[in-house]
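Here is a short tour of one protein chain. Look over the sequence and the structure, then read on.

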Amino acid sequence: MRPHDQSEQWVKVAIALVVEKMSPDPGQAPLDQKHSLIAQSERTSGTHVLITKRKAAQVLGGLWELPGGKVEPNESARQAVIRELREEVAIEVEPIARLEQVEYRYDHAHVRLIPFICKRIAGTPQALEVDELRWVSPQNLANYSFPKASLPVIQSLAQWLKRNRETLKTIRNPTTDTPAAP
């Protein structure tokens, strides 16, 4: 990534790394009523991250991504990530940490990703504005095809998880309101 020219137009995108501890058998993932899709989970214990699949007709369609979207005028990146997760996957999140932003030049746009580590505080993920969603363990993220701009964010997530093991133990599952499994 090279430094950007001040005259270039950059799109600010707030993205969420929704992390959650899962018990050894999280059971059947909930049915998404709108699209009749089952939100898939790897069904393993430990930390998982919510990922979504872009709709085929979109730019970079069919690729997996970290949910989020454009920061609107007069909106902070933090406000945008909360709004976007409500709109895209029907959950309420609380950003708990901000990672270093990433700038990337695609042929179609220059993006500035502003990533937040988030915890889910309410709702069951549903594929409202995406084709599919899954809870994936961080070590298995490499098995999914992501846009190139997301790769440094995923690396930052791995580093954050190593440094913040204790923080993860305090994240509660909003559907059971019990502390997450250690």
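A residue counts as buried under 20% relative accessible area, as exposed over 50%, and as partly exposed in between. Ala90 has a relative accessibility of 24%, so this residue is partly exposed. Keep in mind that this is a predicted model.

**Confidence**

The mean pLDDT of the chain is 81. Of its residues, 75% reach 70 or more. Which element has the highest mean pLDDT? Helix H1, residues 77-89, does, with 97. Strand E3, residues 37-38, has the lowest among the elements, at 36. In residues 25-41 the pLDDT is below 50. This stretch still has 33 contacts in the model beyond near neighbours in sequence. Residues 177-182 are also below 50. Here the model has 14 contacts beyond near neighbours in sequence. Where pLDDT is low, the predicted coordinates should not be read in detail.

Two residues are set side by side here.

**Arg54**

Is Arg54 buried or exposed? Its relative accessibility is 17%, so Arg54 counts as buried. Arg54 is found in the loop between strand E5 (46-53) and strand E6 (64-65). What does its side chain meet in a polar contact? The partner is the side chain of Glu65, at 2.8 Å. Leaving aside neighbours within four places in sequence, Arg54 touches several residues, including Val59, Leu60, Leu63 and Asp131. Glu65 is in that set as well, along with Gly61 and Gly62.

**Aromatic pairs**

How many aromatic pairs does the structure hold? There are two. One of them joins Trp64 and Tyr144. Their arrangement is edge-to-face, with 5.3 Å centre to centre and 80 degrees between the planes. Trp64 lies in strand E6, and Tyr144 in the loop between strand E11 (132-136) and helix H2 (151-163), so the pair ties together parts 80 residues apart in sequence. Both Trp64 and Tyr144 are buried.

Methods
Residues are numbered from 1 along each chain as its sequence is written. Side-chain values use heavy atoms; hydrogens and water are left out. pLDDT is the predictor's confidence in each residue, from 0 to 100. Helices (H or I, at least four residues) and strands (E, at least two) are DSSP runs, numbered from the N terminus. Contact means heavy atoms within 4.5 Å. Buried means under 20% relative accessible area, exposed over 50%, partly exposed in between (1.4 Å probe, protein chains only). A polar contact is a pair of N or O atoms within 3.5 Å; within protein, one must be able to donate a hydrogen and the other to accept it, and residues adjacent in sequence count only if both atoms are side-chain atoms. Rings of Phe, Tyr and Trp (its six-membered ring) pair if their centres lie within 6.5 Å; planes under 30 degrees apart count as stacked, over 60 as edge-to-face and the rest as tilted.
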